[in-house]
Amino acid sequence: MEPDVTYVHPGDVFTVTVSIDPQSMEVYGVQYNVSFDPDAFEILSQSQGPFLSQDGRPAFVVRETYPEKGEVLYVESRYGIKTGVSAPGIVSTIEFRVKDPISSYGVKEFILNNVIIVDSNLQITGFDPSSGTVVLIGPVVSGFTPSVSEGEAPLTVKFTDTSMNAVSWSWDFNGDGLVDSRAQNPEFTYTEPGEYVVSLTAANKLGTGDTSTQSILVTGPQVYGPPVINSVDLFPARTTPGAAINVSVDVVGEAEVIEVAVGDVLLVKKTDGIWQGSIIAPSSPGDYSLSIAASDAAGSTAETSVPYHVVLCKGGVDISISPGVSFASSGNTVSLTLKVKNTQNIDDIFNVRINTDRLRESLCADLSGFSWTENEVKLRAGEEKIFPLEVRVPVGASRGLKFFRANVDSEMSAVYGFDKGLLIVS
């Protein structure tokens, strides 16, 4: 039975041929069955071949089909003559159609069985039958998955085939219509930016193909703007020789800022965008400039400079309470202000403290009703600051004069100042 192997799709029509080679024996009659899967195939026709009538003599033929059972019966015999035929030939041809749809694919056997061969003496002879197979192939469906679909050049992409029923693959990576690879799972490197349409044409054993496409976006190297130094704060910016100067730099960048230097000193990143550190002022008075440089991960830098001054310290600090005398009654609150002014020629940090030191106890104000008793303030040279102060006279407080002191001391020099306040409680 031929062909030995046939590849078909659902809906295809194909022909099976039953042939015989008598090998010099005279064949007078032939009978056989062909069995097949009735769920996958249907019989279209069964035709007599020229084998037993090859010499022009007539033959008697019986052809039966049993589509429900999946069986074909064929019987043929010469008549009106006592001789057989000995030359090879085709006994019959059977035309089948593949049903559509099909529930299962794969190898389907066509079995040649119940074969009877009769010679010219009407004796049954031996034979060597051969059956055939039909490989039912499902429709090919092309598909693939890229490892990445977007990235910066050079971009290497691994393509994984997800096609169904495919035995060959034709890849076009560059949208130019040329086959770049026939591997099932290839890899390709894109060296230039652009949008590339990748196509895969997958084919099955019958050569039927299906094409799928996807886009790969290849970008160029990202271009970053340089860092931006928003502000630089020096304190003190006017100071004495050899004093420490605290530096705070606010810097941002499109690429990550990785280093901020003040001269030869590297600052430390404290919070987003804020870098801090300190330097030592020169030993000689004068006007100086401090250089700041910021670098980012892309290799870009930004630079700026700020002035500072080294001087010999002069001046002092003033503190005053207003009003100096306040009238209050038990359970009520009065509002005061404290003004602190840096009269030095340097920037300084001052501690402000409300107290009753060195005052007679019976004349001391009750500090528990003061809204604050300690504060710290940074003041540039010549700068002043006013602090509000709320004083609540406790219920049941004794009447009379109640005094308190306001002291201010420098953290960076030896200057200090004080003032005295008076509450008249009625």
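## Salt bridge between R380 and D347

In this predicted model, R380 and D347 form a salt bridge, with a nitrogen-to-oxygen distance of 3.1 Å. R380 belongs to the loop between β30 (374–379) and β31 (384–392), while D347 belongs to the loop between β28 (333–342) and β29 (348–355), so the contact ties together parts that are 33 residues apart in sequence.

The two partners can be described by their accessibility. R380 has a relative accessible area of 28% and is therefore partly exposed. D347 has a relative accessibility of 2% and therefore counts as buried, since the cut-off for a buried residue is under 20%. The contact also belongs to a network of salt bridges that links D233, D347 and R380.

## Other salt bridges

The structure contains six salt bridges. One of them joins K108 to D37, where the closest N and O atoms are 3.6 Å apart. This pair connects distant parts of the chain: K108 is in strand β8 (residues 106–119), D37 is in the loop between β3 (27–35) and β4 (41–48), and the two are 71 residues apart. With 11% relative accessibility, K108 counts as buried, whereas D37 is partly exposed at a relative accessible area of 23%.

A further salt bridge is formed by R353 and D357, whose closest N and O atoms lie 3.1 Å apart. R353 is partly exposed, at a relative accessible area of 32%. D357 likewise counts as partly exposed, at 32% relative accessibility.

## A four-stranded open sheet

Four strands make up an open sheet in the order β17-β19-β23-β22, and their pairing is antiparallel. At its edges are β17 (228–235) and β22 (268–271), each of which pairs on one side only. From one strand to the next, the twist averages 30°.

Strands of a sheet pair through backbone hydrogen bonds, in either a parallel or an antiparallel manner. Between β17 and strand β19 (residues 244–252), which run antiparallel, there are seven bridges. Within this part of the sheet, S231 stands opposite D250 in β19. D233, a member of the salt-bridge network with D347 and R380, falls within the residue range of edge strand β17 (228–235).

L206 is placed in the loop between β15 (194–203) and β16 (209–219).

## Overall fold and dimensions

The protein has 33 strands and zero helices. Of its 426 residues, 40% are buried, among them D347 and K108.

The radius of gyration of the protein is 53 Å, whereas a compact globule of 426 residues would have a value near 22 Å. Taken along the principal axes, the C-alpha atoms fill a box of roughly 155 × 60 × 30 Å.

Key
Residues are numbered from 1 along each chain as its sequence is written. This is a predicted model: local features need pLDDT of at least 70, side-chain atom pairs count only at pLDDT 80 or more; totals for chains, interfaces and linings use all residues. Side-chain values use heavy atoms; hydrogens and water are left out. A salt bridge is a side-chain nitrogen of Lys or Arg within 4 Å of a carboxyl oxygen of Asp or Glu. Buried means under 20% relative accessible area, exposed over 50%, partly exposed in between (1.4 Å probe, protein chains only). Two strands pair if DSSP finds at least two bridges between them. Axes are lines fitted to C-alpha atoms, for helices over the stretch in contact, and angles run from 0 to 180 degrees between N-to-C directions. The radius of gyration is taken over C-alpha atoms; the globule rule is 2.2 Å times the number of residues to the power 0.38.
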